[in-house]
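Please look through the sequence and the model below before reading on.

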Amino acid sequence: YVESLSSAGADRFSFQWELLGARTRGKKAADESRVDAALVLAKKVLSCGMKCGVTIGRSTPLEEVAAFLDAGLVDYVNCLAVEPGLGGQQMDPAVLDKVRHIR
């Protein structure tokens with residue numbers, strides 16, 4: 001689907017961090033699988049000439065994403081300030097610290 005979006009004229013592609021490697025059993029294995037999957041996907045996006053972004057959930061610690069971000073393949077990061085799918089939430093101010101750290 002990355003190639004299809006690029007061919008259709010998309011110039012940016014972002015993916016939700018928490019959805020990668022979700023089928024792997026065990027937290028450590030899931031974290032390693034997620035990093036590997038993210039690296040493969042980011043390289044594919046960049047090879048198609050698009051900017052690559054990643055979306056990080058409110059409750060995801062930066063330590064979990066650090067190895068991927070340090071690889072230098074990401075053009076932008078979207079930090080969710082609420083949990084997806086739950087209406088009426090207040091923005092979590094702790095997300096601002098996450099944004100400051102990423103910058």
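This is a predicted model: local features need pLDDT of at least 70, side-chain atom pairs count only at pLDDT 80 or more; totals for chains, interfaces and linings use all residues.

Residues are numbered from 1 along each chain as its sequence is written, and side-chain values use heavy atoms, with hydrogens and water left out.

In soluble globular proteins, nonpolar side chains tend to be buried together. Here the largest nonpolar core has 19 residues, and those with the most contacts inside it are F13, F15, W17, L41, V45 and F68. Such a core is a set of buried Ala, Val, Leu, Ile, Met, Phe, Trp, Tyr and Cys residues joined through side-chain atoms within 4.5 Å, where buried means under 20% relative accessible area, exposed over 50% and partly exposed in between (1.4 Å probe, protein chains only). Two or more residues of this core come from each of β1 (12–16), α2 (27–47), β2 (51–56) and α3, with α2 giving the largest share, five residues; helices (H or I, at least four residues) and strands (E, at least two) are DSSP runs, numbered from the N terminus.

The structure also holds three aromatic pairs, meaning rings of Phe, Tyr and Trp (its six-membered ring) whose centres lie within 6.5 Å, with planes under 30 degrees apart counted as stacked, over 60 as edge-to-face and the rest as tilted. Y1 and F13 make a stacked pair, 5.9 Å centre to centre with 25° between the planes, and this pair joins the segment before α1 (2–7) to strand β1, twelve residues apart. Y1 counts as exposed because its relative accessibility is 62%, whereas F13, at 7%, counts as buried. W17 and F68 form a tilted pair, 5.6 Å centre to centre with 35° between the planes, linking the loop between β1 and α2 to helix α3 across 51 residues. W17 is buried at 0% relative accessibility, and F68 is buried with a relative accessible area of 0%. Together with F15, W17 and F68 form one aromatic cluster.

The largest pocket holds about 170 Å³ of space. Its lining includes L62, A66, D70, Y76 and H101, and α3 (62–70), β3 (76–79) and α4 (94–102) each supply at least two lining residues. On a 1 Å grid over the protein atoms alone, a pocket is an open set of points where a 1.4 Å probe fits, with protein on both sides within 12 Å along at least five of seven lines, and lining residues have an atom within 4 Å of a point; grid points are joined across faces, edges and corners, and a volume is the space filled by probe spheres set on the points.
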